[in-house]
Structures are given as structure tokens and as C-alpha cells.
Amino acid sequence: ATPSPYAGIIAAGGTITWVRVTVGVGQSDWITLVVTVATPMPNGTILTNTARAACSEGAASFGQATTMIYKSAELIVAKTDTPDPVAAGGTLTYNILVTNTGGETAEDVSVQETFPGQFAYQSAVPTPTSGDSYWDTPTLNPGQVYAITVTGRVTGTALPGDVLTNAVTVMWWEFGFIPHSASATITTRVAYSVYLPMILRH
């Protein structure tokens, strides 16, 4: 708080006191109080702050301010690859998790994958909404998770030591008119082949 309070503890439900020696006619005296809102706090919660000013002459007045808690929809996207490294011609699986960590429902959620050139799509769960790299879901509620598993094959054009880069972008809307997006990238290295000759002696 600025200035520092004369007495009291800045805590939930607490009362804090400031003492000013004099306040002249027409003079304004400002106090700034910064607090941290407890978490978790449900959306729509109303915080009420009340201030009372009094003087030795007996005059007193009250002021009150209310603040509504609001936390927007917030999607985070994470992905993993299996195996890493992967052999050329081998099977590569991507797992994507989209989680709503916010306080509002995300609407018109879409997931767009960008596969590396040396990756040949084979299947996905759930089945893509369009093509082989696009999914959508009408809503994602707070705390809800949307999971996608994509399986494909690393083509023969991939060389040992190559790095395959896969990117995913998630887009969503809030209240039907506020756009948001999030993305994640993962890399997978193509493994070197090991050749072990067998020599037979007799």
C-alpha cells in the first residue's frame, strides 16, 4: 500500500487504518492498495472493498468499490512423439493434448497439424474432420482435454541424422467474436542404421 498503513493487516476480511494529521479544505488525499486475488476463484465472484473516512470533528463518509472476477478461456497445447529417434521407414506416432486451463468455454476449437515432408499419414484417433491434418470441436469447457493421436510412416527419403519438425496450431473463439490461438512444435531425429556383418568360419 502507498502510503504504508498506520495499523492493521492486509488480509482477506482485514481492516487497515491510515492516519493523516490534516487534510486541508479542497485537498485530496489518495491511498493506493494493491492486493492479490486468491486462487482458485470462480468466474463471476464479486469482490467488495469498503472505505470509511472520519475526522475528530465528527464528520464521516463511506465509499465502496466492487470488482467481478473473470478468467477467459485459455487453451494450452502439448505434443509428444514416439519413438525418438525413429528409423527411416519406421512408424512414428504423434500425441496431441489440448487443455482448457481458463475459466470460460472455448468455442469453435480447431486443431491444424503441419506434418514434416518425410512423414506419410496413415491414421488418427479421432478421425480428422477434414483431410488428414485438421480437427474441430464445437466447445472445450474449463478443465476439459481434447486428445488426438496421429500415426504415420517415415518415408524412405529421410536420411539418418535428419530432423523431422512437426507443428500444431490450435485456434478458438470466446463469446463468438474474440479469436485466440496457441501452438507447439516438436522435433524427431531419424536414427542411424547399424550394420553388423556376420562372418562364418569353418
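Reader: What makes T17, W18 and V19 count as contacts of Y6?
Author: In this predicted model, contact asks for heavy atoms within 4.5 Å. Once neighbours within four places in sequence are set aside, Y6 meets that rule with T17, W18 and V19. Y6 and T17 are 11 residues apart in sequence, yet their C-alpha atoms lie 5.5 Å apart in space.

Reader: And Y6 itself, where is it found, and how do you know whether it is buried or exposed?
Author: Y6 belongs to the segment before β1 (7-8). Its relative accessible area is 63%, and exposed means over 50%, so Y6 is exposed.

Reader: Let's turn to the rings. How many aromatic pairs are there, and why is the pair of Y94 and F119 called what it is?
Author: The count comes to 3 aromatic pairs. For Y94 and F119, the ring centres are 5.3 Å apart, and rings pair if their centres lie within 6.5 Å. Their planes meet at 50°; under 30 degrees would be stacked and over 60 edge-to-face, so this pair is tilted.

Reader: What makes you say that Y94 and F119 tie together parts of the sequence?
Author: Their places in the fold do. Y94 sits in strand β6 (residues 91-100) and F119 in strand β8 (residues 119-125), so the pair joins parts that are 25 residues apart in sequence.

Reader: How do you know whether Y94 and F119 are buried or exposed?
Author: Buried means under 20% relative accessible area. Y94 has 0%, so Y94 is buried. F119 has 7%, which means that F119 is buried.

Reader: What kind of pair do F115 and F119 form?
Author: A tilted one, with 4.9 Å from centre to centre and 35° between the planes. That angle is set against the limits of 30 and 60 degrees. Both F115 and F119 are buried. One aromatic cluster takes in Y94, F115, F119 and Y121.

Reader: What makes K79 a residue that lies over the face of Y94?
Author: The cut-off on distance is 6 Å from the ring centre, and K79 is at 5.0 Å. The rule also asks for a place within 35 degrees of the ring normal. K79 is listed as lying over the face of Y94.

Reader: S133 is in a loop. How do you know whether S133 is buried or exposed?
Author: The loop lies between β8 and β9 (134-140). S133 has 15% relative accessibility, and the limit for buried is under 20%, so S133 counts as buried.

Reader: Now the pockets. What volume does the largest pocket have, and which residues lie nearest its centre?
Author: The largest pocket holds about 1,900 Å³ of space. Its lining has 43 residues, and W18, N49, T50, A51 and R52 lie nearest the centre. Elements giving two or more residues to that lining are β2 (16-17), β3 (46-54) and β4 (60-68), and β3 has the largest share, with 8 residues.

Key. Residues are numbered from 1 along each chain as its sequence is written. This is a predicted model: local features need pLDDT of at least 70, side-chain atom pairs count only at pLDDT 80 or more; totals for chains, interfaces and linings use all residues. Side-chain values use heavy atoms; hydrogens and water are left out. Rings of Phe, Tyr and Trp (its six-membered ring) pair if their centres lie within 6.5 Å; planes under 30 degrees apart count as stacked, over 60 as edge-to-face and the rest as tilted. Helices (H or I, at least four residues) and strands (E, at least two) are DSSP runs, numbered from the N terminus. Buried means under 20% relative accessible area, exposed over 50%, partly exposed in between (1.4 Å probe, protein chains only). On a 1 Å grid over the protein atoms alone, a cavity is a set of points where a 1.4 Å probe fits but cannot get out, and a pocket is an open set with protein on both sides within 12 Å along at least five of seven lines; lining residues have an atom within 4 Å of a point. Grid points are joined across faces, edges and corners, and a volume is the space filled by probe spheres set on the points.
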